[in-house]
Amino acid sequence: MISKNLSRTLGAALALFFCAPLAWSATKGIPPHGPAVALFDGHDFSGFDIFLKSKGLNNDPDQVFKVENGIIHVSGTEFGYIITRQEFQNYYLRAEFKWGEGTFAPREGQARDSGILYNIQGEQKVWPRSVEFQINEGCTGDFWMTDGAALTGKDGQRVTGPPGSALKIDRFNKGPWKNVVGYRDPVNEVEKSHGQWNVVELVNQNGHVWQYVNGKLANEGTDAFPSSGKILFQSEGAEVFFRNIELYPLK
């Protein structure tokens with residue numbers, strides 16, 4: 001029989017264990033990494049530039065991008081993005097997103113669409129040379145290679161995005177897809193139900209990239225070109241929210 005004192009001691013120890021912040025990632029396969037660098041501080045867009053297709057750099061009078069209670073609210077009413085001013089290489093990126101309600105021209109009524117573009121180098125435009133972590137109803141986890149960016153998929157096939165355009169590599173075990181608002185993959189949906197927060201994770205290690213959605217490996221590629229650069233978060237015709245955006249340099 002456990003004494004009352006021992007019971008209290010064990011209870012206190014368990015409380016400390018379960019309440020203490022985790023010092024490692026809960027997702028299997030994330031490599032060792034250093035302390036987090038908060039890309040978004042929850043207050044403003046320090047460290048980012050804003051680019052809109054119709055208005056150019058740092059001109060957002062209608063607040064397509066705004067901060068609300070520590071969350072980035074993307075209206076989706078115009079195509080554009082927030083982009084880091086700093087370039088990054090060899091890192092683990094973690095962020096959370098959830099969909100809002102609105103969809104807007106030219107994607108009104110279509111599957112809600114956004115994304116995290118990375119390894120960005122070169123001029124600001126919609127869309128710059130980059131590899132994309134696609135965030136799109138029924139397609140979250142796809143790769144898109146834009147404007148000359150390239151990646152070799154798990155099947156060994158190298159895919160290069162044409163100048164001014166893009167090509168994709170589907171996520172693993174992807175089912176049929178329809179470009180309609182609210183669409184969910186009938187075979188292998190990796191997103192949570194609409195309105196819930198989803199966790200997306202990216203490992204970018206010397207051009208070898210892994211994309212995870214809610215703890216599940218969704219896609220993998222090698223020999224990324226470019227292999228380093230800036231990171232952006234899209235507005236692409238759908239209302240979306242982002243929070244807890246953190247980058248961890250790999251050891």
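Strand S8 (residues 113–120) is mostly covered, since eight of its eight residues are buried, where buried means under 20% relative accessible area, exposed means over 50% and partly exposed lies in between (1.4 Å probe, protein chains only). Strands here (E, at least two residues) are DSSP runs, numbered from the N terminus. This is a predicted model, in which local features need pLDDT of at least 70 and side-chain atom pairs count only at pLDDT 80 or more, while totals for chains, interfaces and linings use all residues. Residues are numbered from 1 along each chain as its sequence is written, and side-chain values use heavy atoms, with hydrogens and water left out.

**Confidence**

- The mean pLDDT of the protein is 91, and 90% of its residues reach 70 or more; pLDDT is the predictor's confidence in each residue, from 0 to 100.
- Over residues 1–24, however, the pLDDT is below 50, and this stretch has one contact in the model beyond near neighbours in sequence, contact meaning heavy atoms within 4.5 Å.
- Where pLDDT is low, the predicted coordinates should not be read in detail.

**The sheet around S8**

- An open sheet of eight strands runs in the order S3-S2-S6-S17-S8-S9-S10-S13, with antiparallel pairing; two strands pair if DSSP finds at least two bridges between them.
- Strand S3 (56–57) and strand S13 (166–169) stand at the edges, each with a single partner strand, so one side of each has no neighbour in the sheet.
- S8 pairs with strand S9 (residues 130–136) in the antiparallel sense over six bridges, and in that pairing Leu117 has Glu132 of S9 as its bridge partner.
- S8 also pairs with strand S17 (residues 230–235) in the antiparallel sense, over three bridges; here Ile116 has Phe233 as its bridge partner, and Ile120 stands opposite Lys230.

**Nonpolar cores**

- The largest nonpolar core has 42 residues, and those with the most contacts inside it are Leu93, Tyr118, Ile231, Phe242 and Ile245; such a core is a set of buried Ala, Val, Leu, Ile, Met, Phe, Trp, Tyr and Cys residues joined through side-chain atoms within 4.5 Å.

**Two buried threonines**

- Thr103 is placed in strand S7 (residues 91–103) and counts as buried because its relative accessibility is 15%, and a polar atom of its side chain lies 2.9 Å from the backbone nitrogen of Gly109.
- Thr84 lies in strand S6 (residues 80–84) and counts as buried because its relative accessibility is 2%, and a polar atom of its side chain lies 2.8 Å from the backbone oxygen of Gln86.

**Salt bridges**

- The structure holds 15 salt bridges, each being a side-chain nitrogen of Lys or Arg within 4 Å of a carboxyl oxygen of Asp or Glu.
- Glu101 forms a salt bridge with Arg112, with the closest N and O atoms 3.8 Å apart; Glu101 counts as exposed at 53% relative accessibility, whereas Arg112 counts as buried at 8%.
- Lys154 and Glu220 meet through their side chains in another salt bridge (3.2 Å, N to O), with Lys154 exposed at a relative accessible area of 59% and Glu220 buried at 11%.
- Lys168 forms a salt bridge with Asp170, with the closest N and O atoms 2.5 Å apart, and a network of salt bridges links Asp142, Lys168, Asp170 and Lys174.

Note on methods. Helix = DSSP H or I, 4+ residues; strand = E, 2+ residues; numbered from the N terminus. Polar contact = N/O pair within 3.5 Å; in protein donor to acceptor, adjacent residues only side chain to side chain.
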